[in-house]
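Please go through the model below with the sequence at hand.

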Amino acid sequence: MDSILESVLRELARDARLSAGEIAATLGVEESAVTDAVSEAEERSIILGRGAKINWETLGLSTVYAVVEVTVEPQENVGYNAVARRIARFDEVRTVYFVSGAYDLLVMVEADNMRGISDFVGDRLATMSGVKGTTTRVLMRRYKEDGVFLDADLQNDRQKVVF
């Protein structure tokens with residue numbers, strides 16, 4: 001991978017709000033090189049989207065998050081992929097990972113309330129063809145997500161790590 005492309009991607013991953021000019025200044029390259037790198041990354045489906053991490057609770061809007069451990073019956077010639085792809089299409093599903101261990105897929109879901117989580121898991125996910133079992137864990141509180149502190153007190157009270 002081109003070193004400029006990799007550097008641009010690392011800057012965008014850190015803060016997607018950065019302009020091409022800001023990234024160029026940080027990296028010491030021409031702004032056109034940054035714009036070209038971003039265009040290339042979008043064309044090659046390296047950049048898949050950009051978004052903001054929002055703490056909805058500070059707006060008084062509650063969302064319920066759950067982690068669902070899913071055990072799957074692998075299908076001939078496609079293994080776990082067919083089931084994982086069907087699960088990924090549901091609106092409630094935020095993330096799907098194929099994992100090692102006691103279960104096969106880790107599915108992150110969100111809904112407006114517990115009933116939404118319950119209806120999704122009980123009525124649609126657990127009953128899917130290829131799904132052998134589910135274990136659901138409701139997230140009680142989020143502190144940090146994708147490297148971003150969601151709790152302002154944690155953000156301001158970071159401890160120094162000394163080795």
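Rings of Phe, Tyr and Trp (its six-membered ring) are taken as a pair if their centres lie within 6.5 Å; planes under 30 degrees apart are called stacked, over 60 edge-to-face, and the rest tilted. By this rule there are two aromatic pairs. Tyr-80 and Phe-98 make a tilted pair, with 4.8 Å from centre to centre and 35° between the planes. This pair links distant parts of the chain, 18 residues apart: Tyr-80 is in the loop between strand 1 (64–72) and helix 4 (81–88), and Phe-98 is in strand 2 (residues 93–98). Helices (H or I, at least four residues) and strands (E, at least two) are DSSP runs, numbered from the N terminus.

The model is predicted: local features need pLDDT of at least 70 and side-chain atom pairs count only at pLDDT 80 or more, while totals for chains, interfaces and linings use all residues. Residues are numbered from 1 along each chain as its sequence is written, and side-chain values use heavy atoms, with hydrogens and water left out.

For accessibility, buried means under 20% relative accessible area, exposed over 50%, and partly exposed in between (1.4 Å probe, protein chains only). Tyr-80 has a relative accessible area of 24% and is therefore partly exposed. Phe-98, at 57% relative accessibility, counts as exposed. The rings of Phe-90 and Phe-120 pair edge-to-face, because their planes stand at 75° with the centres 5.1 Å apart. This pair too links distant parts of the chain, with Phe-90 in the loop between helix 4 and strand 2 and Phe-120 in helix 5 (residues 114–125), 30 residues apart. Both Phe-90 and Phe-120 are buried.

The loop between helix 4 and strand 2 also holds Glu-92. Is Glu-92 buried or exposed? Its relative accessible area is 18%, so Glu-92 is buried. Contact here means heavy atoms within 4.5 Å. Leaving aside residues up to four places away in sequence, Glu-92 touches Met-108, Val-109, Glu-110, Phe-120 and Arg-124.

Next come the helix contacts. Axes are lines fitted to C-alpha atoms, for helices over the stretch in contact, and angles run from 0 to 180 degrees between N-to-C directions. Angles under 35 degrees count as roughly parallel, over 145 as roughly antiparallel, 65 to 115 as roughly perpendicular and the rest as oblique. The axes of helix 1 (residues 3–14) and helix 2 (residues 20–27) come within 10 Å and cross at roughly 120°. Helix 1 and helix 2 are therefore oblique to each other. On the helix 1 side the contact is made by Ser-7, Val-8, Glu-11 and Leu-12, and on the helix 2 side by Ile-23, Thr-26 and Leu-27.

Helix 1 also meets helix 3, where the axes come within 9 Å and cross at roughly 85°. Helix 1 is therefore roughly perpendicular to helix 3. Here Ile-4, Leu-5, Val-8, Leu-9 and Leu-12 of helix 1 meet Ala-33, Val-34, Ala-37, Val-38, Glu-40 and Ala-41 of helix 3.

Backbone angles come last. Most residues other than glycine have a negative phi. Ser-45, although not a glycine, has a positive phi of about 60°, and lies in the loop between helix 3 (31–43) and strand 1. Asp-146, also not a glycine, has a positive phi of about 50°. Asp-146 is in the loop between strand 5 (144–145) and strand 6 (148–149), and is exposed because its relative accessible area is 66%.
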